[in-house]
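Here is a short briefing on one structure. Keep the sequence and the 3D view open while reading.

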Amino acid sequence: MADDFILSEAGAGALLLDVAAGAFDEDRQARLLALADSLSGADGIEDVVPGMNNLMVAFDPLAVEAGEITRRLVDGWRTAVATARAGCEHRIDVVYGGPDLTDFAAGLGLAVDEVIGRHAGAVYRVAAIGAMPGFPYLSGLDPALSAPRRAVPRAGVPKGAVIVGGGQAGIMPITAPSGWHILGHTDFTLFDPHRVRPATLAAGDVVRFVVAGVER
Amino acid sequence: MIEILSSGALNSVQDRGRRGSLASGVSRSGAMDRPALDAANALLGNDAGAAAIEVAAFPFRLRFQAGAAVAVTGALAETRLSGRRLPPWWATEARAGDELTIAPPTLGARVYVAVSGGIDAPLLLGARATELKSGYGGHEGRGLRRGDLLPLGPRLPGRLPEGGIGALPPPGRSDAGRPLRLLPAAEWPEFSEDARRLFVAADWQVTAEADRQGCRLDGPELVRARRRELMSHGIVPGTVQVPPSGRPIVQLAEANTCGGYPKIATVIEADLWRLGQAMPGDRLRFALASRDEAVAALRETADWLDRLRSAAALYRAS
């Protein structure tokens, strides 16, 4: 069987295992998360970072050989089984509205209410946490809501903005630049650095959005 | 306590940064010139993980409310302790009431000021480093300003000899023209042969878009032969991304934990300090290295630090 992954170096102290095969794949992601769990806390390993159908492992190259990490990643991937992480389920209240909603719906040829219905009707899974503190990459977006990112990113998308971009959904944990479309707003806290686990959501968790209001 | 008398928002409490929280979206942060931070702590006998002040806005002034030992390393800048000029990479005893003044650097961008016992900012997610981009860690999650009072950790026994002691700079510090060493990254094979050749042959210029998060470089446009969208993936400081503009960005201490741009290469860990000391307008070049060279360079720096730590301990004990 041909290998179904690409392994690359990210400096002397990190390796990236990329198992993507075209579009995002839930089964591969579940296998990656199982592999991530098996590597966390191992000797010399500093960070295990799941991405979208990829996994980065950062280690101290003076404490552990890259070959050893390579072996653990490759063997681990070949034998990883997609066991569903015992993830939590989160219901997140959203007030729909904001600067993009009307144009976003029009661009897709949908009514605003249909965009809201499809966004709040889907069941999402947290594929990974990253980029920003506590930011969830959510899979499970209704394909009808898949649209290219804004040609010009906004300089400051506010904390709490409920956003979609490409085939993904997310929520802004802090105010930051983003090219995704804003569909609404939530008060849900995604990140608190004073907690032991600073990110509220974790990879493997399930998220549902609840319509708490619509601003027109 | 030390009292900040004059500062800019870019000056912050930093240590070796955070490990183990990248998967929560928490950037590493920490000193942009790690060997300089390490040297300052080693001269004072501080814990390797002790926090110091990273000074990137000048002039910088502070006052000692009680006696303490102080070490100043990193960029070359005229440094005075109550009028007395300190040599570069130097540690000395300060008395209560002494004022430390640091002028704009003549070479480099960031100066490190460590104090015996370390800056006692709260430990947050395993470190005291300030994350300026997201506003947590360090002193109240922000840069230092006039009037800030910074508490110090408990000081180890032993005093520095009269006049103080200095550190020999870490390996490679004297050769400013040496290229930054790279390992090829995931999308290296997807760049055209021309782009790869240009990347290592060209003179790159540090643009004004350079901060703790990353450093954008100006030079030839790097064309990726194969166009495909990447899915978001973990990245580390040193990652050289090439966005559609073709102008590379080197990710640094406060880099986002995940990104989606193609990565042509990674600056090796042992050379990252060079970008921490780069000023807009500076020119730099890249050269490919092997994994073995990258690890050997790290080990060389670690050995230098061990020797410095032992030597400094001898002087403090005597």
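The points below cover the interface, aromatic pairs, charges over rings, a sheet and some backbone features.

This is a predicted model, in which local features need pLDDT of at least 70, side-chain atom pairs count only at pLDDT 80 or more, and totals for chains, interfaces and linings use all residues. Residues are numbered from 1 along each chain as its sequence is written, chains are lettered from A and ligands numbered from 1 in the order in which they are written, and side-chain values use heavy atoms, with hydrogens and water left out.

**Interface**

- Contact here means heavy atoms within 4.5 Å. By that rule, 35 residues of chain B touch 42 residues of chain A.
- The two chains bury about 3000 Å² between them, with 61% of it on carbon and sulfur atoms. Buried area is the accessible area (1.4 Å probe) that two parts lose on being put together, summed over both.
- Met231(B), Ser232(B) and Arg291(B) supply 21% of the area that chain B buries against chain A, more than any other three residues.

**Aromatic pairs**

- Rings of Phe, Tyr and Trp (its six-membered ring) pair if their centres lie within 6.5 Å; planes under 30 degrees apart count as stacked, over 60 as edge-to-face and the rest as tilted.
- Over all chains, the whole structure holds six aromatic pairs.
- Tyr124(A) is in strand S6 (residues 124-129) of chain A and Phe209(A) in strand S13 (residues 206-214) of chain A, so the pair ties together parts 85 residues apart in sequence. Strands (E, at least two residues) and helices (H or I, at least four) are DSSP runs, numbered from the N terminus.
- Both Tyr124(A) and Phe209(A) are buried. Buried means under 20% relative accessible area, exposed over 50%, partly exposed in between (1.4 Å probe, protein chains only).
- Phe135(A) and Trp180(A) are also edge-to-face, at 5.7 Å centre to centre and 75 degrees between the planes. Phe135(A) and Trp180(A) are both buried. With Tyr137(A), they form one aromatic cluster.

**Charges over rings**

- A charge sits over a ring if NZ of Lys or CZ of Arg is within 6 Å of the ring centre and within 35 degrees of the ring normal.
- In chain A, the charged end of Arg31(A) sits over the ring of Trp77(A), 3.8 Å from its centre.
- In chain B, Arg173(B) has its charged end over the ring of Trp273(B), 3.5 Å from the centre.

**A sheet in chain B**

- Eight strands form an open sheet with mixed pairing, in the order S21-S14-S15-S18-S17-S20-S13-S22 (chain B). Two strands pair if DSSP finds at least two bridges between them.
- Strand S21 (283-284) and strand S22 (286-288) of chain B are at the edges, each with a single partner strand, so one side of each lacks a neighbour in the sheet.
- Strand S14 (residues 204-210) and strand S15 (residues 214-218) of chain B pair in the antiparallel sense over three bridges.

**Backbone features**

- Most residues other than glycine have a negative phi, and most peptide bonds are trans.
- A cis peptide bond joins Phe58(B) and Pro59(B), with omega about -5 degrees. Pro59(B) lies in the loop between strand S3 (52-55) and strand S4 (60-64) of chain B.
- Ala131(A) is not a glycine, yet has a positive phi of about 70 degrees. Ala131(A) counts as buried, at 9% relative accessibility.
- Leu125(B) has a positive phi near 50 degrees. Leu125(B) counts as buried too, at 16% relative accessibility.
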